[in-house]
Amino acid sequence: MRFITMDVKKCVVCRNCEYACAFRQSGNFRREDSNIRVEYHNDVKICLPQTCLHCEDAWCLEICPAAAIVKDEDTGAIEIVSERCIGCKMCMLACPFGNIHFDKINMVSRKCNLCKGDPNCVAHCISGALQYTTVQDSCLNNREIFHRFIESILDINTE
Amino acid sequence: MKIVIIGNSAAGLSGLEAFRKQDQNSSVTVITCEETTPYSRVMLPYYLREKVSYKDMFIRDDHYYERLNAKCIKGKVVNLLVKERHVVLENGQIISYDKLLIATGSSPIRPPINGLEGEGIHHLWTLDDVRRLAPAFLRGKRVAVLGSGFVSLQGAWAALVKGLDVAVIEIMDRIMPRALDARGAELLALKIREKGADLRVGTFTKEVTRTGFGEYVLHFDDGSTLVVDLIIVGTGVRPNIDFLKNSDIVVQQGIVVNERMETSLPGIYAAGDVAMVPSFLDGRPVVHALWPTAIETGTVAGNCMASQGDVYLGSLNMNVTQMFDVTVASMGEFLDGADREVWVDERLAENQYLKIVLKEGVPIGAVAVGESELVATLGMLRPLIRQKIRINGTPRNLKAIMAQNISRHHKAFSG
């Protein structure tokens, strides 16, 4: 099972991910059509790319009164079946991350579905801030970072 | 162990699913007086305005009970024999239980107005109601909607979309007294009137009479009258507890339960609209009669019937919908008060409204009327209410406050 990781230190707010997602969703480049949103916090100079985290116990899924939210067992994605969605916005109120958006043309909620296992936002990220990775790889990466950190300390000590 | 669940809507289904996650062996029987597979009450008005088809309203498939290894019995429960641990159905059938979940929901109240009866009087609460109402929902027909809660207004909106002549009659001096504050109600009322409905607040219906053509005449307290073809009554609901009259289960506005959804009788649980559960904000027992609360309390009941491992943090009311081309949402305590601080986002356009209510720096509720994205803000605020997080700053840095607290969110799901 893979998931999208976001490294806020690498994000440069180019918004390529937003355009890539919008294009995949609707065939145009309107940023409001994107399911990933990059929030830039000017005061602290931090940018937060945000998209659905595909929670293990997804409250949006449990609460949906139209049974329109399902889990794709192959990708692990929590998906909105737009044909079933009634546009009541209960999922938007349930999501504690603000990661569900509204499609004003079709009057349904919409969110990331991991592009069925090939996320367009990750493919077009220019800085490597977004990765589509497995838990094992992500942990391995963390171990390598930790290992380099330890090495750097040991280097200092041996000098 | 023999488990019996009465009711197959939000609370009953959540209870069954939560129970089965923990216990695959006990026998489970679900008793329902509905003829069909489970459907969603929330979707009824969407069906009326043809946003969804009839079959879309069903939220579980035909093999649902089979898959969950549960038996479904269609019938009406008329009595509960606590000592014998028996549930008695209308046809005389007796079903015994070791643990019982009462998820019988609620039914619409019909206000005591003379003449409010006959085939033209409708509710908007069950599948049967909309089956009866849909054929009467014809362009050019005149409908009066009594009450202005979420269900009533959804019905009124569906009628407008279908081309009916719509009047909404509210006895209070503003609409949605339980789900919006005064400013929010004012903004929505503007929209309702702009869309062409005849909205009358502060209007008391004294009597209803019939004309020779079968039309209904509403007589109001100011002496005026209104002639319509049908009336939708949406003036609140009451819990379905008639079958409990011979038991000494403790009932106030609903069946009183503790934070594990246990009633006053051992082995008997209640959840959903029928239960009076602790409120999240002040711990006082309340009946919110809301879909999310039914899901949450049903889940807690199911978990507690399987083991004792779940505790409900209390019901936090939340409401959201889109109607009359505007998004309306609220949660928690959203009314102003002497001990409360109020944040209104002044940067929004004039027809947009976002208000957050705080008590000693901790958010306790919010209202939003306007664009959809305001709902996402309310969603992000909800964990802060649930975890009683004090926030510092001003409404202007709400975005930063939300971002700071994002790592806390994962702990703040339901329950």
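Analyst: Start with burial: a residue is buried under 20% relative accessible area, exposed over 50%, and partly exposed in between (1.4 Å probe, protein chains only). Arg30(A) is partly exposed, with a relative accessible area of 34%. This is a predicted model: local features need pLDDT of at least 70, side-chain atom pairs count only at pLDDT 80 or more, and totals for chains, interfaces and linings use all residues. Residues are numbered from 1 along each chain as its sequence is written, chains are lettered from A and ligands numbered from 1 in the order written, and side-chain values use heavy atoms, without hydrogens and water.

User: How many helices and strands are there in chain A?

Analyst: Helices (H or I, at least four residues) and strands (E, at least two) are DSSP runs, numbered from the N terminus. Chain A has 5 helices and 8 strands. Along the sequence their pattern is β-α-β-β-α-β-β-α-β-β-α-β-α. The C-alpha trace of chain A spans about 65 × 30 × 30 Å along its principal axes.

User: What share of the residues of chain A count as buried?

Analyst: Of its 159 residues, 48% do. Take the contacts in chain A with a separation of 6 or more: residues 24 or more positions apart account for 53% of them.

User: Is Thr36(B) buried or exposed?

Analyst: Thr36(B) is buried, because its relative accessible area is 16%. Thr36(B) sits in the loop between strand S2 (27–32) and helix H2 (44–48) of chain B. Leaving out residues up to four places away in sequence, Thr36(B) touches Asn8(B), Phe58(B), Lys74(B), Leu127(B) and Arg131(B).

User: Which parts does the salt bridge of Arg210(B) and Glu119(B) tie together?

Analyst: Their side chains meet at 3.3 Å, N to O. Arg210(B) lies in strand S13 (residues 205–210) of chain B and Glu119(B) in the loop between strands S8 (106–108) and S9 (121–122), so the bridge ties together parts 91 residues apart in sequence. Arg210(B) counts as partly exposed at 38% relative accessibility, whereas Glu119(B) counts as exposed at 56%. Salt bridges can also share partners: Arg30(A), Glu32(A), Asp33(A), Asp103(A) and Arg110(A) form one network this way.

User: Which residues make the nonpolar surface patch of about 220 Å²?

Analyst: Patches are made of residues with over 30% relative accessible area and no salt bridge; like charges are joined within 9 Å, nonpolar side chains (Val, Leu, Ile, Met, Phe, Trp, Tyr) within 5 Å. Here, Val8(A), Val44(A) and Ile46(A) make the patch. Val44(A) is in the loop between strand S2 (37–41) and strand S3 (46–50) of chain A. At 54% relative accessibility, Val44(A) counts as exposed.

Definitions and conventions
Contact = heavy atoms within 4.5 Å. Salt bridge = Lys/Arg side-chain N within 4 Å of Asp/Glu carboxyl O. Areas by Shrake-Rupley, 256 points an atom, 1.4 Å probe, with all protein chains shown as cover.
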